[in-house]
Amino acid sequence: MATQTADEALPKFRRSYRPAPLQALSVAFVAILAVWLIGNLVTEPSHWVYLLLQGLTYGMVYALIALGYSLVYGILELINFAHGDVFMLGAMMTTTLVGAFGLGVHGSVLVWILPMLIIVAVFTGALNTFIEVVAYRPLRGAPRLAPLITAIGISFILQTVGLVWKGPAPVSIRDNILPSGQIFRIGDGNFAWNQLIVFIVTLPTLVLLVWLVQKTKQGKAMRAVAQDKDAAAIMGIDVNRTISFTFLIAGLLAGFAGVIYALFVTNVQFDTGFRLGLFAFTAAVLGGIGNLPGAVLGALCIGLIEQFNNGLTWHTPGTDWTNTIIFAILILILVFRPEGLLGERTPEGG
Amino acid sequence: MRFLSELWANRRNVGALWWRGLGELGLPRDRFHSLPGWQQRAAKVALGGAVAFLVSVVVNTLERFFGQGASGSIVTFDRSAYIAFAVVALLLIPEWKALPVLPLKLVIPGALLVGGVAGLVTGLATDNTRNGVIASVGTVLALAAPPWLAGGAHEHVPLPARRMPVGRKVVPLAALALAITFPYYAPHMFTIPVFGAFPSVETAVYMLVFIMMAVGLNVVVGYAGLLDLGYVAFYAMGAYTAAWFASLQFPQTKIHFGAIGIDPNLEGIHITPWLLFALAGVLTAIIGVIIGLPTLRLRGDYLAIVTLGFGEIMPQVARNGNDLGGFNLTGGPQGITPIDAPGFGNHLAKWTDGFLPSNYLTTGSANAFYWTALLILLFTIFCSIRLRDSRLGRAWVAIREDEVAASAMGVPLMRTKTWAYACGAFFGGIAGAYFAAYKSSTFPQDFFFNISVFILCMVILGGMGNIWGVILGAAFLAYLNQEGLANTGAWLNQHFSTNIDVPEYSGGIYGVIIVVIMLLRPQGLIPSARRKRELELGTHDEPAYDVAH
């Protein structure tokens with residue numbers, strides 16, 4: 001032990017070093033994936049297209065959640081474990097509102113969806129900001145793992161809130177609240193109105209978010225704080241307020257996701273948020289955490305993987321293995337390409 | 001009374017006489033004090049035993065003269081009482097030389113207290129009140145007499161001022177004595193208010209297993225500062241190791257090795273559980289290294305997520321593992337049951353008169369499981385403490401505090417971290433294997449994420465890095481999980497006529513504990529001094545390996 005070679009003792013800062021076998025392996029992996037996808041496309045093309053559309057739709061919902069992870073990570077370098085559960089409470093709130101508005105019985109969803117989005121988003125945004133102020137702000141100077149552990153605690157608390165609120169059984173709402181008439185059709189693949197509504201809500205939200213981060217003064221403050229808190233403070237930016245604002249935005253996104261998820265999937269359980277939160281986090285990591293377009297790209301990938309794996313039949317592991325596959329992707333990405341597909345960035349890169 | 005007061009007044013002379021007597025025997029006072037601690041302690045125990053013997057003779061004599069129909073010898077030799085007394089006294093009595101420097105007004109209440117505990121434990125252990133009284137009186141006298149007598153010769157030998165090692169020795173040893181005798185007194189104990197019944201021996205086994213796991217996780221999280229959110233994967237690995245190699249899981253084969261009490265014609269793999277506990281530890285440690293090697297270069301929060309991923313994959317593999325290409329590896333949702341119980345076989349059981357049971361599951365009580373678990377836990381604690389104070393342990397702390405500085409000082413980062421992982425996994429594997437053998441079954445739902453957080457909560461509650469705090473936190477939370485929450489719920493529902501299923505909300509309760517501890521007392525209930533300082537002053541926890549920046 002006494003004599004260590006310098007080689008062992010010094011960390012190797014090899015930023016983009018990738019051994020050749022690894023490269024070959026990843027190429028092989030992609031090739032197998034392509035063969036699998038094409039094979040399935042040949043076996044049942046129409047179902048494949050249906051799953052593609054379905055996967056993209058789910059992916060859009062995951063994107064809203066993943067952006068929340070990415071935003072918060074970008075500014076605080078904190079994996080906000082509780083984010084998925086904030087989303088879950090938003091979805092729970094939606095099921096309550098659906099009952100309160102009498103949707104599916106006499107109200108029309110197209111009239112009520114906007115007020116519903118606003119109410120739920122305000123709720124989740126306020127909740128997320130509250131969590132930040134109460135639980136994370138006091139730990140600003142603490143070791144890096146302290147807020148992470150706290151976030152796990154908050155996640156468990158929020159799950160229990162959902163459990164007390166709605167009980168252990170899944171909460172279901174009527175499944176034709178969103179109109180499900182078909183818009184267009186490719187073979188067997190139906191693109192229905194409810195899927196379109198998901199896109200109608202999520203796409204403008206994403207555009208709005210990019211505009212907020214890129215063009216507004218507040219967005220500039222967020223990017224500055226993400227880059228260097230001390231310097232930002234010297235420049236007169238209220239760091240705490242900016243961080244709270246980021247949590248507010250993340251909460252709003254989670255609220256939107258909650259409404260869309262509840263209406264589209266029509267089925268929420270108290271631990272939905274934990275599972276989908278991990279999916280969304282995987283998406284954020286896959287795209288490159290802190291990188292907003294990356295989060296969307298990663299989320300679409302995860303949505304596709306989930307739907308293809310659940311629905312396809314030709315050499316497919318099936319639903320039982322979905323979690324394993326997604327977490328395996330998470331592990332592989334973190335181990336071999338921690339910067340993600342598009343590269344890790346803080347919001348300064350947008 | 002008069003005799004006693006005269007004795008008291010002349011205690012200096014009595015003391016001088018005592019020491020002179022010892023000197024005549026070739027053991028003058030200063031020489032006595034130069035003896036090793038264990039010899040002094042043995043002398044003290046002998047003195048206590050002699051006193052206890054005299055007391056028993058006196059009691060028996062009195063009984064004979066004043067009791068009704070008492071007969072028989074005045075010298076009753078109750079072996080179990082003396083053995084129990086000797087064990088308790090050896091554990092409880094501090095080294096003699098620590099005592100004379102204390103003032104008498106401290107020594108006598110102290111002696112009474114220790115004597116009371118010793119008497120209680122001895123009495124309960126032998127289930128005989130008189131044994132308890134005798135042990136108590138013997139201990140009190142053995143403790144109080146030397147300093148009292150020492151008054152006579154105090155000026156001759158100035159003793160080095162030394163404090164009684166309360167925190168370091170007396171408390172752990174007293175706790176150990178209480179733990180060893182637990183199955184004897186547990187059924188007679190009081191009911192804890194609100195929390196309900198005193199933990200049963202079955203619950204105590206559960207608590208011990210979870211303490212083992214918490215101590216193991218403490219190596220990873222507390223010492224090395226690596227947040228492991230998938231510790232349950234190691235626990236599962238250990239449990240399935242025990243299940244694979246000591247059950248009917250693989251009927252295609254027939255391998256027997258040292259399995260006592262198993263029909264030699266039974267199919268499946270049957271390896272003796274004693275070997276399996278060690279094997280499970282080693283195998284799990286290897287798994288820990290395999291998981292650790294690629295992941296440990298990640299920075300802390302990424303590492304947490306990767307371990308969480310492993311922790312999520314593990315139960316799913318266990319659940320879907322009944323059809324891996326047609327091969328039944330894990331029994332799927334039905335799990336693997338039954339698992340061979342540990343035991344010593346009929347021969348040893350007969351020879352030791354049932355002290356070593358032939359089969360743990362058929363003894364009808366959990367006592368054997370309890371003592372074995374205690375033994376494994378002691379081994380775990382011993383290893384953990386030795387590791388902490390070793391060169392490796394100091395390297396862990398160095399990495400925890402400042403990775404860059406540690407690596408600059410020549411600490412090999414990867415190797416040190418991987419060792420932390422392997423050690424933590426080793427203990428987790430043993431605990432898992434033992435727990436599987438205890439329950440004689442293993443199911444995928446035993447290994448969900450909330451168990452990982454549950455164990456993490458134990459470490460955080462007790463105080464990361466402090467082994468005694470972790471033990472305390474783990475014991476408390478495991479009790480809460482197994483009995484306490486249900487009892488508390490029943491109590492609440494009864495007193496406030498509510499209808500709450502408290503155990504269902506256990507996750508939220510652990511969440512509250514984690515958040516409150518992290519916000520209000522991040523160093524835990526019993527902080528390690530070093531950890532506390534780190535939390536106050538902050539650490540430089542920028543990782544040395546950071547891929548993305």
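Me: Before we look at helix packing, how are the axes and angles defined here?
Reply: Axes are lines fitted to C-alpha atoms, for helices over the stretch in contact, and angles run from 0 to 180 degrees between N-to-C directions. This is a predicted model, where local features need pLDDT of at least 70 and side-chain atom pairs pLDDT 80 or more, while totals for chains, interfaces and linings use all residues. Residues are numbered from 1 along each chain as its sequence is written, with chains lettered from A in the order in which they are written.

Me: At what angle do H12(B) and H18(B) pack?
Reply: About 145° on that scale, with axes 7 Å apart, for residues 273-295 and 413-439 of chain B. Both are DSSP runs (helices: H or I, at least four residues; strands: E, at least two), numbered from the N terminus.

Me: What makes a residue of chain B count as buried, and what percentage do?
Reply: Buried takes 20 or more other C-beta atoms within 10 Å of its own, those atoms being placed from the backbone. Of the 549 residues of chain B, 46% pass.

Me: How do you know which residues of chains A and B are in contact?
Reply: Their C-beta atoms, placed from the backbone, have to lie within 7 Å. By that rule, 43 residues of chain A meet 44 of chain B. H6(A) gives the largest share of chain A's side, 14 residues.

Me: What share of contacts in chain B join residues at least 24 apart?
Reply: Taking contacts between residues at least 6 apart in sequence, 75% do.

Me: And how many helices and strands has chain B?
Reply: Chain B comes to 22 helices and two strands.

Note on methods. Two residues are in contact if their C-beta atoms, placed from the backbone, lie within 7 Å. A residue is buried if 20 or more other C-beta atoms lie within 10 Å of its own, exposed if 12 or fewer, and partly exposed in between; C-beta atoms are placed from the backbone.
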